[in-house]
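The following note comments on the model in numbered points. It begins with the contact between the chains and then turns to the domains and to local geometry.

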2 protein chains.
Amino acid sequence: MSSPLQLYVDARFISPFAMFAFVALHEKSLPFELITVDLAQQAQHAPDYIARSLTNRVPTLSHGDFHLSESSAITEYLDATFPGTDLYPRDIPSRARALQVQAWLRTDLMPLRQERSTDHVFYRTASTMPLSPEASQAKDKLLRIAATLLPAGHDYLFGDWSIADTELALMLNRLVLGGDPVPEHLASYATHQWQRPSVQQWLTLPRPAL
Amino acid sequence: MSSPLQLYVDARFISPFAMFAFVALHEKSLPFELITVDLAQQAQHAPDYIARSLTNRVPTLSHGDFHLSESSAITEYLDATFPGTDLYPRDIPSRARALQVQAWLRTDLMPLRQERSTDHVFYRTASTMPLSPEASQAKDKLLRIAATLLPAGHDYLFGDWSIADTELALMLNRLVLGGDPVPEHLASYATHQWQRPSVQQWLTLPRPAL
Ligand SMILES: [Ca+2]
Ligand SMILES: [Ca+2]
Ligand SMILES: [Ca+2]
Ligand SMILES: [Ca+2]
């Protein structure tokens, strides 16, 4: 008997970090219980949840008695623990580059993330406000780095799929799905990534109306 | 002949992330060239540096022709590539917890990080302003989580040293070295971590006057 898996995610299914952990579990073909935490009701501060999450954030993975937060720690844990689709490249430099992309996307581009929320991605709302100078600069940086990492004609960052593709595509889709102009090969990369079955599983979860 | 190592860090030696990569190289007993990037002069935007760093940030590690940014990706890369002191625990759950701590410290507690800058840590300036309510809440969260991860009497998060100890101690030392009250066992943990030779190597680098 293997230990049961539970994944705690936000009740609106709009956290990119919850999505990445969810996609990782699907890529590994692991059965798991999906548990929602209603952030609007401050449910992340309930003592039971704090005891598991430690940091009052989503996602949290429970694997039997082991509870783990932070999506990048979760995806590394799942990759080290379970067979199935590799979440990371196996060669050390490519793996390091994937980790770099993950860490960068979590700690940079804040004005863009604020002005192009995941509502564009998960509710398909069009963006109506032009980007501020700061967000526009972040957009230019994103597009420059994405184009460097992903030359035209490449479907994946590292030969075949890794979780870094889903994460980079999410950032690009803040623009693509919001209707901002994005160079064609990057837009089609992001669109292609969005067709992946594990991603579609997340996209089709029943969201409350905006 | 092994490929030469170069580490690009900020010229004031106050970036915690540059410090963590520096400490990791010292823990592995690796010879490397330390190269400073003068952020005050916008040197991170020089084309040569962008070509290496990709994201215009410090630190960047060059290992021969391979260039890698983001300190947590660098420490994982070094651990996977070189023998010597383990930077991460070897057992999978402890390793995952260390990665959680790293990811959490990079993406949370922002008001505290702003109001208790690394000047307190690296220049030993005393804090003169009381914490705002937001920073105070972040402080309480830090102390709660640190106490959970580190019961009294434990010298390390995971049995013996890992890079997560240096990272957690840095966050605690924003308070301890700035003169804010911190529970005794956490303060002595942070102080003890600061005696580590690899950390002392960073602390004693020649900093320009404030
Ligand atoms: Ca694997
Ligand atoms: Ca692969
Ligand atoms: Ca190792
Ligand atoms: Ca060890």
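**Note on the chain and domain interfaces**

1. Between chain A and chain B there are 12 residue pairs in polar contact, with both residues of each pair at pLDDT 80 or more. The model is a predicted one, and the values in this note should be read accordingly.

2. The size of an interface is often expressed as the accessible area lost when the parts come together. For chain A and chain B the buried area is about 2,800 Å², and 62% of it lies on carbon and sulfur atoms. Within chain A, the residues that lose the most area to chain B are L54(A), R57(A) and Q100(A), which together account for 21% of what that side buries.

3. Charged pairs also cross between the chains. Side chains of opposite charge can pair when their charged atoms come close. The count between chain A and chain B is two salt bridges. A salt bridge joins the side chains of R95(A) and E76(B), with an N to O distance of 3.6 Å.

4. Turning to the organisation of chain A, the domain assignment gives domain 1 (5–86) and domain 2 (92–196). Their C-alpha centres lie 22 Å apart. UniProt, in an unreviewed entry, lists residues 5–86 of chain A under "domain: GST N-terminal". Over residues 5–86, chain A is 37% helix and 23% strand, and the end C-alpha atoms of this stretch are 18 Å apart.

5. The two domains of chain A share an interface in which 16 residues of domain 1 are in contact with 17 residues of domain 2. About 1,400 Å² is buried between domain 1 and domain 2 of chain A, with carbon and sulfur atoms giving 61% of this area. Which three residues supply more of the area that domain 1 of chain A buries against domain 2 of chain A than any other three? They are I14(A), M19(A) and F20(A), which supply 33% of it.

6. Across the interface of domain 1 and domain 2 of chain A, the rule finds three salt bridges. R12(A) and D119(A) form a salt bridge, with their closest N and O atoms 3.6 Å apart. On the side of domain 1 of chain A that touches domain 2, α1 (16–27) and α3 of chain A each supply at least two residues. The most comes from α1(A), with seven residues. That side of domain 1 of chain A has eight nonpolar, four polar and four charged residues.

7. Over all chains, the structure holds 22 salt bridges. In one salt bridge, the side chains of K141(A) and D108(A) meet at 2.7 Å, N to O. K141(A) belongs to helix α7 of chain A and D108(A) to the loop between α4 and α5 (110–115) of chain A, so this pair ties together parts that are 33 residues apart in sequence.

8. Some backbone geometry deserves a separate check by the reader. Most residues other than glycine have a negative phi, and most peptide bonds are trans. The peptide bond from V58(A) to P59(A) is cis, with omega near 0 degrees. P59(A) sits in the loop between α2 and β3 (60–63) of chain A. In chain B, the peptide bond from V58(B) to P59(B) is cis as well, again with omega near 0 degrees. P59(B) is placed in the loop between α2 (47–53) and β3 (60–63) of chain B.

9. Where in chain A does L54(A) lie? L54(A) is in the loop between α2 and β3 of chain A. The phi of L54(A) is near 70 degrees, a positive value in a residue other than glycine. L54(A) is also one of the three residues of chain A that lose the most area to chain B.

How values were computed. Residues are numbered from 1 along each chain as its sequence is written. Chains are lettered from A and ligands numbered from 1 in the order in which they are written. Side-chain values use heavy atoms; hydrogens and water are left out. Buried area is the accessible area (1.4 Å probe) that two parts lose on being put together, summed over both. A salt bridge is a side-chain nitrogen of Lys or Arg within 4 Å of a carboxyl oxygen of Asp or Glu. A polar contact is a pair of N or O atoms within 3.5 Å; within protein, one must be able to donate a hydrogen and the other to accept it, and residues adjacent in sequence count only if both atoms are side-chain atoms. Domain bounds come from an automatic or database domain assignment. Contact means heavy atoms within 4.5 Å. Helices (H or I, at least four residues) and strands (E, at least two) are DSSP runs, numbered from the N terminus. Ala, Val, Leu, Ile, Met, Phe, Trp, Tyr, Cys and Pro count as nonpolar, Asp, Glu, Lys and Arg as charged, and the others, Gly among them, as polar. UniProt positions are given in the numbering used here, feature names are shortened, and annotations may be inferred rather than shown by experiment.
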